[in-house]
Amino acid sequence: MPLPGAPAPPLAMGSAPPVFIGCEEVEKHLHRASLLLPALEAALGNFSAGAPGGVVQPVRAVVPVRPHGGYLGVMPAYSAADDALTTKLVTFYEHKKDSSVPSHQATVLLFDPTNGSLKAVLDGSVITAKRTAAVSAIATKLLMPAFAEVLCILGAGVQAYSHYEIFMELFTFKEVRIWNRTKENAVKFANSVNGPVQVCSSAQEAVTGADVIITVTMATTPILFGEWVKPGAHINAVGASRPDWRELDDELMNNSVLFVDSREAALTESGDVILSKAEIFAELGEVLKGTKPALPEKTTVFKSLGSVYVYPVTCHFQAEAENDQQKMLDERALVSGTLHDKFTLKKPS
């Protein structure tokens, strides 16, 4: 028998504890959002293919945190093609008293699909920002007018930065404009990015004549109006992820060709879609698969709700999680074995 207080012998070690992959490590692996484009395009196509695509992702479950004006969203997904089982947990708050805390915070859980054990916990903030911007870039590549010269961003938060980064990498715009309710945040944005950005005093000033418009705000009532929008422009509507929140007015919604990431999610979660009663023309995955046309000559809106995108991103970290878990198992076995040898009594000769 081992001495009292000595560790148990290293018999069945069990599964390793989950690996935590923090913000800095995620950023190191995803230093450019464009790295996600091939996986995200495949994921969107598989999702829109229905059962043959092998993607199971129900509409996000949302728990209101009413005393604090917040929400907790839960987004599970399984992809047969990637054999990836993940869940994203995201909190988003309407009115943050502490402006140092982001309005959106996220964590991603990566499971072993063969047995359900938790393999990794990932900081989801960088993943969310870069994944969302990458999908907007995919939509823009398909839907923007042929000779787009002016980019407009409404909002100056985390998503504004991630969108600017990938759009400057992938597209050539002669002019970039930004507007934000709090002007000093727009000025801060313009001063901190690489490249000239015009800070506008009003949303209308920023939007007028723009070829591509990105709305990344926490607005609950429309901030973008159809009468301002240039015919043939493309809009990526990223904010307003609740059924009673709006970024776009009825005129714009009903006089544009509407694309979404998920029909079911848009009809359940998007106030812009639900309250305007706008008709959904296609899912983005259908355009990627070639079953629906892109119609870049029309005024187009892509309503982004963050569906479909969790598992292709976490696949980037699957091998790393497995390697780190094996290292922990090896280290645990070594330590346990060493202590066991130290505390085990020698048999008398």
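User: How many residues does helix α4 have, and what distance does it reach from its first C-alpha to its last?
Analyst: This is a predicted model, in which local features need pLDDT of at least 70 and side-chain atom pairs count only at pLDDT 80 or more, while totals for chains, interfaces and linings use all residues. Residues are numbered from 1 along each chain as its sequence is written, and side-chain values use heavy atoms, with hydrogens and water left out. Helix α4 covers residues 158-170; helices (H or I, at least four residues) and strands (E, at least two) are DSSP runs numbered from the N terminus.

User: Which residues of α4 are buried?
Analyst: Buried means under 20% relative accessible area, exposed over 50%, and partly exposed in between, with a 1.4 Å probe and protein chains only. By this criterion the buried residues in α4 are Gln159, Ala160, Ser162, His163, Tyr164, Ile166 and Phe167.

User: Which element gives the most to the lining of the second largest pocket?
Analyst: On a 1 Å grid over the protein atoms alone, a cavity is a set of points where a 1.4 Å probe fits but cannot get out, whereas a pocket is an open set with protein on both sides within 12 Å along at least five of seven lines; lining residues have an atom within 4 Å of a point. The second largest pocket is lined by Glu27, Val126, Ala129, Lys130, Val158, Tyr161, Ser162 and Glu165. Two or more residues of this lining come from each of α3 and α4. The most, four residues, is given by α4.

User: What is the volume of the second largest pocket?
Analyst: By class, the lining of this pocket has four nonpolar, one polar and three charged residues; Ala, Val, Leu, Ile, Met, Phe, Trp, Tyr, Cys and Pro count as nonpolar, Asp, Glu, Lys and Arg as charged, and the others, Gly among them, as polar. Grid points are joined across faces, edges and corners, and a volume is the space filled by probe spheres set on the points. For the second largest pocket, the volume is about 160 Å³.

User: Is α3 largely enclosed by the rest of the structure or largely open, and how many of its residues are buried?
Analyst: Helix α3 has 19 residues and reaches 27 Å between its end C-alpha atoms, close to the 27 Å expected at 1.5 Å a residue. It is largely enclosed by the rest of the structure, because its buried residues number 16 of the 19.

User: Which residues does isoleucine 153 touch, not counting residues up to four places away in sequence?
Analyst: Contact means heavy atoms within 4.5 Å. With that sequence exclusion, isoleucine 153 touches Ala160, Tyr164, Arg177, Ile178, Trp179, Phe189, Ile214 and Val216.

User: What phi does aspartate 83 have, and where is it placed?
Analyst: Most residues other than glycine have a negative phi. Aspartate 83 is in the loop between β4 (70-79) and β5 (84-93), and is partly exposed, with a relative accessible area of 34%. Although it is not a glycine, its phi is positive, at about 50°.

User: Is lysine 277 buried or exposed?
Analyst: Lysine 277 lies in the loop between α9 (271-276) and β14 (280-283). Its phi is positive, about 60°, although it is not a glycine. At 69% relative accessibility, lysine 277 counts as exposed.

User: How many residues apart in sequence are leucine 295 and methionine 144?
Analyst: Leucine 295 lies in the loop between α10 and β15, where it touches Val257, Phe281 and Thr300, not counting residues up to four places away in sequence. From C-alpha to C-alpha, leucine 295 and methionine 144 are 8.9 Å apart in space, and their separation in sequence is 151 residues.

User: What percentage of the residues of the chain count as buried?
Analyst: The secondary structure of the chain comes to 11 helices and 15 strands. Of its 349 residues, the share that counts as buried is 50%.

Key: The expected span of a helix is 1.5 Å times one less than its number of residues.
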